[in-house]
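Student: Before we look at anything in detail, could we go through the structure step by step, setting each value against the rule that gives it its name?

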Amino acid sequence: MRLFLFLFMVNTLAFSQIEVDNGQVIWRSIRQYKGTSEQLLKQLKSSGKFSSLELNTNSIIGKFADAPINYKGTTSMYLMASNMMGSFVIQFKEDRYRITAKNLKFKSQTSVGIFDEGSIYPIEKYALNGNGEFRKRFKSKDVPIIEDNLAKLFEFSQEDDW
């Protein structure tokens, strides 16, 4: 059982992660997909979660805003009080695609403590220390919540409704 759990965790971590790229926090995920880029674009449009969608040769670019952050238990104040926003690119290869979410920001939904309603802060403010490395608390407590919410935001079904 432990071996299965370990393999599951390694498999999940290998295909979805938050990382620092040139001083910017990005999230990447690789997914299996048996459809075309046009079919995925149609799903993105019909979901109502995305804007500024454009289809290029082998990629889709777009933006998302006001994506709620769901969590269980306690979390950082900025996650409790904010929705996520950012931009993304989806690149295609045979039977799979890679999502890269960048320009990640948090928009405060309420006035709590140091947060003013409507204020927008980049993720780097909370995630990175002065050396451009992840803060320990962010890596251990906030990353799983952010990754889970981004994964759910970009979750699409390949089954036909009919």
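Tutor: Let us start with the terms for the elements: helices are DSSP runs of H or I with at least four residues, strands are runs of E with at least two, and both are numbered from the N terminus. With those terms, the elements of the protein chain in this predicted model run α-β-β-α-β-β-α-β-β-β-α-α from the N terminus on. That order holds five helices and seven strands.

Student: How many residues does the protein chain have, and what share of them counts as buried?

Tutor: The protein chain has 162 residues, and 38% of them count as buried. Among its contacts with a separation of 6 or more, 54% are between residues 24 or more positions apart.

Student: Why is the pair of Phe 106 and Tyr 126 called edge-to-face?

Tutor: Two values have to be set against the rule here, because a pair of aromatic rings is described by the distance of the centres and the angle of the planes. The centres of Phe 106 and Tyr 126 are 6.1 Å apart, and rings pair if their centres lie within 6.5 Å. Their planes stand at 70°, and planes over 60 degrees apart count as edge-to-face, so the pair of Phe 106 and Tyr 126 is edge-to-face. It is one of 12 aromatic pairs in the structure.

Student: What makes this a link between distant parts of the chain?

Tutor: Phe 106 lies in strand E6 (residues 96-108) and Tyr 126 in helix H4 (residues 124-127), with the two residues 20 residues apart.

Student: How do you know whether Phe 106 and Tyr 126 are buried or exposed?

Tutor: Buried means under 20% relative accessible area. Phe 106 has 1% relative accessibility and therefore counts as buried, and Tyr 126, at 15%, counts as buried too.

Student: Which residues do ring pairs link into a cluster?

Tutor: The cluster holds Trp 27, Phe 50, Phe 64, Phe 88 and Phe 154. Phe 50 stands opposite Phe 64 in E4, where strand E3 (residues 50-55) and strand E4 (residues 59-68) run antiparallel and are joined by four bridges. E3 and E4 form a hairpin, with three residues between them.

Student: Which members of the largest nonpolar core touch the most other members?

Tutor: They are Phe 64, Ile 146 and Phe 154, in a core of 38 residues. Helix H5 (residues 136-153) gives the largest share of this core, six residues. If residues up to four places away in sequence are not counted, Ile 146 touches Ile 18, Tyr 78, Leu 79, Met 84, Phe 106, Ile 123 and Phe 138.

Student: What makes Arg 98 partly exposed?

Tutor: The term covers values between the limit for buried, under 20%, and the limit for exposed, over 50%. Arg 98, which lies in strand E6, has 34% relative accessibility and therefore counts as partly exposed. Its side chain makes a polar contact with the side chain of Gln 91 at 2.6 Å, which can be set against the limit of 3.5 Å for such a pair of N or O atoms. Arg 98 and Arg 28 are 70 residues apart in sequence, yet their C-alpha atoms are 6.9 Å apart in space.

Student: Why is Ser 108 called buried, and which backbone oxygen does its side chain reach?

Tutor: Ser 108, in strand E6, has 2% relative accessibility, so it counts as buried under the 20% limit. The side chain of Ser 108 reaches the backbone oxygen of Thr 110 at 2.7 Å.

Student: Why does Asn 22 count as exposed, and what is its phi?

Tutor: Asn 22 has 78% relative accessibility and therefore counts as exposed, a term that asks for over 50%. Asn 22 lies in the loop between strand E1 (16-21) and strand E2 (24-32), and its phi is near 55°, a positive value in a residue other than glycine.

Student: How do you class Asp 66 from its relative accessibility?

Tutor: Asp 66, found in strand E4, has 40% relative accessibility and so counts as partly exposed. The phi of Asp 66 is near 55°, again a positive value in a residue other than glycine.

How values were computed
Residues numbered from 1 in each chain as written. Predicted model: local features only at pLDDT ≥ 70, side-chain atom pairs only at ≥ 80, totals over all residues. Heavy atoms only, no water. Phe/Tyr/Trp six-rings, centres within 6.5 Å; stacked < 30°, edge-to-face > 60°. Buried < 20%, exposed > 50% of the residue type's maximum accessible area, 1.4 Å probe, protein only. Core = buried A, V, L, I, M, F, W, Y, C linked by side-chain atoms within 4.5 Å. Contact = heavy atoms within 4.5 Å. Polar contact = N/O pair within 3.5 Å; in protein donor to acceptor, adjacent residues only side chain to side chain. Pairing = 2+ DSSP bridges.
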